[in-house]
2 protein chains.
Amino acid sequence: MMREPTSPIVATTLQRLGESILEAVGTPPDLARIVAASLVAANLAGHDSHGVMRLPSYVEFARTGHVVPAARPSVESRHGATTMLDGHRGWGQPAARLAAETAIALAAEHGIGAVSVHRCNHIGRLGEYVEAMTRAGMMGLALCHGGPAVAPYGGRDRLLGTNPFAWAAPTADPQRPLVLDFATSAVAEGKLQVARATGQAIEPGLIVDAQGRPSTSLPDFYAGGALRPFGGHKGYALSVMVEFLAGALSGAAPSCLPEYDGSNDTLMIACDIATFRPLAGFVDQAARFYATVKASQPAEGFDAVVLPGEPEAQARRQRLEGGIPLPEQTRTELRELAAQLGLHTEDLR
Amino acid sequence: MMREPTSPIVATTLQRLGESILEAVGTPPDLARIVAASLVAANLAGHDSHGVMRLPSYVEFARTGHVVPAARPSVESRHGATTMLDGHRGWGQPAARLAAETAIALAAEHGIGAVSVHRCNHIGRLGEYVEAMTRAGMMGLALCHGGPAVAPYGGRDRLLGTNPFAWAAPTADPQRPLVLDFATSAVAEGKLQVARATGQAIEPGLIVDAQGRPSTSLPDFYAGGALRPFGGHKGYALSVMVEFLAGALSGAAPSCLPEYDGSNDTLMIACDIATFRPLAGFVDQAARFYATVKASQPAEGFDAVVLPGEPEAQARRQRLEGGIPLPEQTRTELRELAAQLGLHTEDLR
């Protein structure tokens, strides 16, 4: 059977579709705009696993009451250079965006600012929020924990979330900040779900089976196994750090404790560079660092040395220009979802 | 030839010896006390590579003018919840201790505080400073960069320092905080120096040769090779983060740029837990997290799951009680050093 080749989809089309879907399950338009923009921004950055393919599960969250679509984040308390937010179990992105904006405002006043969020749902790609801080001339940190899926180094029980961690710094080019954004697990659980759906093999080093033995057999993960932390005991320690800076500090709990409520508790810290030194000199150094690393010799087997954040900046340029090459499976799922909700999806061919 | 077995040395003996040696090269007694205490604390924590074995190189730093032994750190500027310190190229430990104390005071007032230090020498084991923050009911972060020794992921040129990173949180037991403290390189350069001196083999994954190929041959490192970051591209990104949060923010520079001055520029951030939630609930959760992980099942090939900071706490208990089992080579070097400086070392048999 011949399949008609699919063409890339422009971001604005996905944005409109995302808003319609989210509004159809009770999300106010302004919040739907924020959530959809966050998902589409992940697609634009090349991270389709955090993009619009999440919409079917998001709709399910709204239907089951896991997410309260009309809930709005609010400030719970303020003290000095810190603020605590309550996400009220609404969509995570508006809460995370408010956290980033609040951290920027606190840092502008105090030099550094920290914002902790509890009762928060999935906030999307962490890089989005620290990149926003670079546009304000700041360095940012973002940490977020989640339900247990990762075994400690040397262990076999699921005790830690995949616990992503992000940092960013501005360079002279606003389109090309330095951005670190990774799960502290060896692989994101979403990638295993993709492998499960497609029957792909998985690389060594990513999971352990129920006995804590390294495994490359995906069924082992679902039969009582666990993800491994990246980088051995060091990545494990970073994951523990995220459980406390993001999970415990928010007033919630590390996710292996019985009182954990399933929230993606989050911490954001913004640091105003100009408080420490003139920003112009900093971004000039960042640009020269970028160029120095870029011009350095690659190791055997590599074509070039890549900077943290470079692949995302490149994907964004390409996809803003040429559209987002959405996989056929995602298109089908979104078409079906839209049809269920009585929405028009002519653009999704 | 029979060798007389050496007995462990009590910490106070090493402390006195360290102070004498440091004073003999022009260090004022109060600063000598701080530097010696930091080195001995590293020995007590089981990290002999950061302990009194450093004294011969420290004396060399003083003799060559790399360190100005009588220099005292000072506050350069303050703004809101941030402070910048000038280490004046004196010993790093007094500057780092002042940074930690200042960060604690800032966090007590503002909820979070950040202190950046430039013109700073070797600050010792980073864990020391974040552990001090836990005793004030705070979580701490410490980052420090140094001269280029590490290749970027996918590269071969030395462009990054070994760039250590530390975090700690208090538990209900003040003797047993959670402590992360690691180099972002796959191995610390000091451990390669030990391997070079003893002719030990090195594990795979630690270095690349001058062509950027993975190597287990130590001479390759000294013939134009480089250390590798831990954990692939993730550890590399963390190392870049340290170059900017510790190096560039201080007003100095990432260490691969021509203006880098050889300083161990440092950033410390303290976060006052009680500003966010009652401390008692936090430390109770930390204690239960500790117990939960400790009681979890080890993976095949492991006897038990170890918590970040647990080995250090255990070494400290044992060595405070039974003394520090200093290697014969370190004893010999310290005896020779003391003799050169005309000091008494009867205790170092």
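Into which domains is chain A divided? Chain A is divided into domain 1, made of 1-70 + 309-349, and domain 2, made of 73-185 + 229-295, with bounds that come from an automatic or database domain assignment. The C-alpha centres of these two domains of chain A lie 24 Å apart. Their contact, meaning heavy atoms within 4.5 Å, takes 24 residues from domain 1 of chain A and 21 residues from domain 2 of chain A.

The model is predicted, so that local features need pLDDT of at least 70 and side-chain atom pairs count only at pLDDT 80 or more, whereas totals for chains, interfaces and linings use all residues. Residues are numbered from 1 along each chain as its sequence is written, chains are lettered from A and ligands numbered from 1 in the order in which they are written, and side-chain values use heavy atoms, with hydrogens and water left out.

A cavity is a set of points, on a 1 Å grid over the protein atoms alone, where a 1.4 Å probe fits but cannot get out, and its lining residues have an atom within 4 Å of a point. Grid points are joined across faces, edges and corners, and a volume is the space filled by probe spheres set on the points. By this rule there are three cavities of 30 Å³ or more.

The largest cavity has a volume of about 60 Å³, and its lining includes A:Met139, A:Gly140 and A:Leu141 as well as B:Leu267 and B:Ile269. Two or more of its lining residues come from each of β4 (138-144) and β10 (266-272) of chain A and β10 (266-272) of chain B, where strands (E, at least two residues) and helices (H or I, at least four) are DSSP runs numbered from the N terminus. The largest share of this lining, three residues, comes from β4(A). The lining holds nine nonpolar residues, one polar and no charged; here Ala, Val, Leu, Ile, Met, Phe, Trp, Tyr, Cys and Pro count as nonpolar, Asp, Glu, Lys and Arg as charged, and the others, Gly among them, as polar.

The second largest cavity has a volume of about 50 Å³, and among the residues that line it are A:Phe165, A:Met241, B:Phe165 and B:Met241. At least two of its lining residues are supplied by each of β4 and α8 (232-248) of chain A and β4 (138-144) and α8 (232-248) of chain B. This lining is made up of ten nonpolar residues, with no polar and no charged.

Over all chains the structure holds zero disulfides. A:Cys120 is also buried, at 1% relative accessibility, where buried means under 20% relative accessible area, exposed over 50% and partly exposed in between, with a 1.4 Å probe and protein chains only.

Some loop residues complete the picture. A:Gly124, in the loop between β3 (112-118) and α5 (127-134) of chain A, is buried with a relative accessible area of 8%, and it touches A:His50 and A:Gln93, not counting residues up to four places away in sequence. A:Arg89, in the loop between β2 (82-86) and α4 (92-110) of chain A, has a positive phi of about 60° although it is not a glycine.

Key: 1 Å grid on protein atoms, 1.4 Å probe; cavity = no way out; pocket = protein on both sides within 12 Å on 5 of 7 lines; lining within 4 Å. Disulfide = S-S within 2.5 Å.
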